[in-house]
Amino acid sequence: IGMLSLPGFLSCGKKKDFNLTNEKDAHSSDSDENSERGNWSNKTDYLLSMVGYAVGLGNVWRFPYLTYQNGGGAFLIPYTLMLALAGLPLFFMECSLGQFASLGPISIWRILPLFQGVGITMVIISTFVTIYYNVIIAYALYYLFASFQKVLPWSDCFSWADEFCSKTRIVSDCNTTLHGEIIHANYSFITSNNLTCINGTVNYKPVQFPSEQYWNKVALQRSSGLDETGRIVWYLALCLLLSWMIVGAALFKGIKSSGKVVYFTALFPYVILLILLVRGATLEGALDGIEYYIGRQSNITKLMEAEVWKDAATQIFYSLSVAWGGLVALSSYNKFHNNCYSDAIIVCVTNCVTSIFAGFAIFSILGHMAFVSERPVSEVVDSGFDLAFVAYPEALSKLPVSPLWSFLFFFMLLLLGLDSQFATIETLTTTIQDIYPKMMKKLRTPVTLGLCTLLFFLGLICVTQAGIYWVNLIDHFCAGWGILIAAVLEIIGIIYIYGGNRFIEDIEMMIGKKSRLFWLWWRMCWFFITPVLLMAILVWSLVTFSRPTYGSVLYPTWGTAVGWCMIIFCVIWIPVVAIVKILKAEGNLVQRIVSCCRPAANWGPYLECHRGERYSHIVDPKKKKEHEIPTVSAIVY
């Protein structure tokens with residue numbers, strides 16, 4: 001027992017454990033540099049997890065639509081610029097921050113205690129988002145199971161359809177020539193008298209395609225609005241339960257298990273995208289769809305419109321998942337000297353290339369749908385839910401062996417969603433681990449499963465008959481301004497208060513000394529360009545705010561109020577925590593604020609062997625206490 005009180009380093013982060021109960025944390029292994037928190041088993045696990053987190057449903061159902069809407073191929077110019085000016089600088093910053101201190105999104109704010117509420121905001125927003133995001137995965141699961149039929153259930157107007165359901169457009173009336181005069185008549189009159197419509201004068205009846213009615217009447221059993229909650233749709237609830245079971249099973253050992261699952265979930269969607277692209281490119285009308293996507297002649301004049309640049313910036317911002325806390329959490333499990341700079345470049349470029357590649361796969365098949373239905377491509381192109389669960393399924397139902405293509409598409413959506421969900425849940429468990437490290441060392445699996453269970457029950461409101469309205473409401477508010485506010489404060493706090501040059505020195509401790517020329521671009525972005533762009537997007541979003549709608553359904557006033565309450569609940573912790581920190585500090589008001597703007601006493605690299613001369617004075621109070629009061633399970637350094 002006496003020997004146990006002799007602390008001494010065996011190696012960097014490797015500790016000899018004399019725990020008599022011989023307990024082992026599944027989150028770490030003997031080969032880990034950081035035996036307390038654990039590390040990724042290898043570099044590939046980390047990169048695939050990051051790619052899976054960044055590449056999500058938005059790459060498939062939002063980017064292609066934005067490209068088509070904003071000038072085709074010309075949109076790639078502002079998109080690439082925004083990647084370089086806003087997306088990549090924030091991505092690199094968060095990856096470096098998490099890796100340097102090996103801490104989650106809340107504890108990382110030891111760097112600037114006054115701003116710790118920013119970390120809390122990130123975690124709460126991630127919690128809201130993970131609730132509804134798994135509901136979207138449940139939708140994909142439902143359609144996946146529905147694809148196991150010889151005839152796809154949304155391929156025609158079956159018993160569930162009403163009189164407005166039709167696979168083709170129905171002519172209502174038009175102008176025609178009768179006895180030398182032009183008259184306006186019903187189409188029934190025109191056909192009965194063997195007349196023909198004059199081109200350009202045809203009006204069509206308001207009809208809905210089978211896929212649209214199936215989505216609303218069968219899959220969602222959608223009510224009239226948020227006021228009419230209705231009952232829980234039992235098969236969606238079961239799909240939601242299954243999706244949470246998959247997430248829990250993949251994360252029961254933390255990064256050690258999820259790091260292996262992503263080899264399949266992150267890579268196989270590319271195989272499916274390639275299959276869909278090859279199949280789509282061989283269909284009639286595919287070229288028309290692709291020309292709408294990248295433009296027969298890209299509309300360069302669109303670049304003069306502010307809306308195009310705003311769309312490019314917001315798509316990059318949300319696509320890369322910056323300011324959600326996930327990048328910090330995943331990077332915190334890296335080894336200290338990992339090259340986070342090259343990682344950031346690889347993941348960001350992969351994300352953007354995936355978006356462009358997905359656009360070809362999506363628009364080639366939508367072009368075929370337009371050809372078959374004899375409509376312009378512009379009338380079959382949608383974004384979001386309408387693309388994923390109405391337009392694309394409708395197009396797939398017209399292909400030979402349609403159940404196979406439908407299965408592949410929804411399986412791809414499932415995998416894209418699960419990757420992002422894995423990282424978001426890991427963000428929450430990392431936060432819990434930083435707050436209660438001893439509990440998580442022993443009870444990681446029960447805590448993870450308990451968290452998934454709790455989030456499942458919270459998500460049941462989203463699988464009622466009014467569920468889609470709740471999903472849209474949370475997405476409209478929580479996934480918008482809260483993230484922008486957190487991002488703006490994050491970059492201001494780290495660059496202007498903690499110090500941009502000081503932060504660069506921290507990064508150089510990990511990746512080695514770099515030249516002034518190397519840092520010139522990053523300094524320009526971090527100190528000026530990126531914060532200005534983020535502020536512009538935030539102001540633009542506030543100025544152009546409109547009440548949430550789902551299709552033609554307006555939300556009630558109380559629904560909009562609930563949305564505001566959600567976003568206020570997310571961001572209120574920023575001033576609350578700042579006030580608490582100031583009240584707990586010593587001295588007059590100015591001295592208290594100044595002290596809260598200094599890094600905490602235990603800020604720095606997690607392992608002492610990495611602290612060097614710059615952080616050699618720092619001693620973690622918890623570790624100091626462990627040295628002073630050794631126990632039977634004491635650890636010899």
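Student: Why is the disulfide of Cys157 and Cys165 called left-handed?

Tutor: The torsion about the S-S bond of Cys157 and Cys165 is about -85 degrees, so the disulfide is left-handed. This is a predicted model, in which local features need pLDDT of at least 70, side-chain atom pairs count only at pLDDT 80 or more, and totals for chains, interfaces and linings use all residues. Residues are numbered from 1 along each chain as its sequence is written, and side-chain values use heavy atoms, with hydrogens and water left out.

Student: How do you know that Cys157 and Cys165 form a disulfide?

Tutor: A disulfide is a pair of cysteine sulfur atoms within 2.5 Å. The sulfur atoms of Cys157 and Cys165 are 2.0 Å apart, and the pair is a disulfide.

Student: How many disulfides does this rule give?

Tutor: The count is two disulfides. Cys174 and Cys197 are joined in a disulfide as well, with S to S at 1.9 Å. Its S-S torsion is about -70 degrees, so this disulfide is left-handed. The pair links distant parts of the chain, 23 residues apart: Cys174 is in strand S2 (residues 171-178), and Cys197 is in the loop between helix H6 (187-192) and strand S4 (203-204). Helices (H or I, at least four residues) and strands (E, at least two) are DSSP runs, numbered from the N terminus.

Student: What makes Cys174 buried and Cys197 partly exposed?

Tutor: Buried means under 20% relative accessible area, exposed means over 50%, and partly exposed is in between, with a 1.4 Å probe and protein chains only. Cys174 has a relative accessible area of 0%, so Cys174 is buried. Cys197 has 22%, so Cys197 is partly exposed.

Student: Which classes do Cys157 and Cys165 belong to?

Tutor: Cys157, at 27% relative accessibility, counts as partly exposed. Cys165, at 11%, counts as buried.

Student: What makes Val202 partly exposed, and what does Val202 touch?

Tutor: The relative accessible area of Val202 is 27%, so Val202 is partly exposed. Val202 is found in the loop between H6 and S4. Contact means heavy atoms within 4.5 Å. Leaving out residues up to four places away in sequence, Val202 touches Val171, Asp173, Cys174 and Cys197. Val202 and Asp173 are 29 residues apart in sequence, but 6.1 Å apart in space from C-alpha to C-alpha.

Student: Why does Tyr53 count as buried?

Tutor: Tyr53 has 5% relative accessibility, so Tyr53 counts as buried. Tyr53 is in helix H1 (residues 43-54). Beyond residues up to four places away in sequence, Tyr53 touches several residues, including Ser321, Trp324, Asp419 and Ala423.

Student: How do helix H10 and helix H14 pack?

Tutor: Helix H10 (residues 268-281) and helix H14 (residues 340-373) pack at about 35 degrees, their axes 8 Å apart. Axes are lines fitted to C-alpha atoms, for helices over the stretch in contact, and angles run from 0 to 180 degrees between N-to-C directions. The crossing of H10 and H14 is left-handed. A crossing is left-handed if the near helix is turned anticlockwise from the far one by less than a right angle, and right-handed if clockwise.

Student: How many residues of each class does the contact of H10 with H16 have?

Tutor: H10 and helix H16 (residues 402-435) pack at about 145 degrees, with axes 9 Å apart. Residues that meet there include Phe268 and Arg279 in H10 and Trp405 and Leu416 in H16. By class, this contact has 13 nonpolar, no polar and one charged residues. Ala, Val, Leu, Ile, Met, Phe, Trp, Tyr, Cys and Pro count as nonpolar, Asp, Glu, Lys and Arg as charged, and the others, Gly among them, as polar.
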